[in-house]
Amino acid sequence: MGTGLLCLLLLVAASVGAQQPANNLRAGYDPARETNLVGTVSSFTANSENGPLGAHVAVQTPSGIVDVHVGSAKFLELNHLTLNPGDNVRIIGENFTTGGSTIFLARIIQKGTTAVAVRSPRGIPLWLGGGRTLSGQEKKSRGGAQ
């Protein structure tokens with residue numbers, strides 16, 4: 001009985017978190033407000049003219065299509081992540097409103113077994129550094145932690 005109740009509470013908490021209202025972009029990124037977005041890629045735009053500038057992916061979820069800012073297309077490419085229509089994705093991030101529209105700012109994008117962080121836990125864009133993340137083998141050859 002206790003395990004069933006715990007599972008029910010976790011399920012309710014997860015669904016409540018996924019339905020959080022959008023915050024004003026000026027409020028800043030807050031990891032405590034992060035939610036999981038799970039769905040199917042409808043389209044990918046490498047250089048969107050809609051703000052925030054950069055790569056956007058439209059994700060079809062059970063509640064509709066969500067516009068997700070995923071940073072830089074080049075950064076995704078350098079990290080061996082391609083997003084094509086039909087791909088199933090899980091994205092951790094936060095909903096924001098800006099200029100009357102809602103945008104989901106991605107922090108971590110996962111497709112299959114590949115996950116790429118595009119923002120730090122504080123929401124700072126990682127693609128602005130111009131580098132790419134290192135694979136486990138590259139970290140090991142450079143003496144980094146695994």
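Predicted model: local features only at pLDDT ≥ 70, side-chain atom pairs only at ≥ 80, totals over all residues.
User: How many aromatic pairs does the count come to?
Analyst: Residues are numbered from 1 along each chain as its sequence is written, and side-chain values use heavy atoms, leaving out hydrogens and water. Rings of Phe, Tyr and Trp (its six-membered ring) pair if their centres lie within 6.5 Å; planes under 30 degrees apart are stacked, over 60 edge-to-face, the rest tilted. By this rule, the count is one.

User: What kind of aromatic pair do Tyr-29 and Phe-96 form?
Analyst: Tyr-29 sits in the loop between strand E1 (23-24) and E2, while Phe-96 lies in strand E5, 67 residues apart. Strands are DSSP runs (E, at least two residues; helices are H or I, at least four), numbered from the N terminus. With 6.3 Å centre to centre and 35 degrees between the planes, the pair is tilted.

User: Are Tyr-29 and Phe-96 buried or exposed?
Analyst: The cut-offs on relative accessible area are under 20% for buried and over 50% for exposed, with partly exposed in between (1.4 Å probe, protein chains only). Both Tyr-29 and Phe-96 are buried.

User: Which residue in E5 does Gly-39 stand opposite?
Analyst: E2 (residues 35-48) and E5 (residues 88-98) pair in the antiparallel sense over six bridges; pairing takes at least two DSSP bridges. In E5, the residue opposite Gly-39 is Val-89.

User: In E3, which residue is the bridge partner of Ser-48?
Analyst: E2 also pairs with E3 (residues 54-61), antiparallel over six bridges. A hairpin of five residues joins E2 to E3. The bridge partner of Ser-48 is Gly-54.
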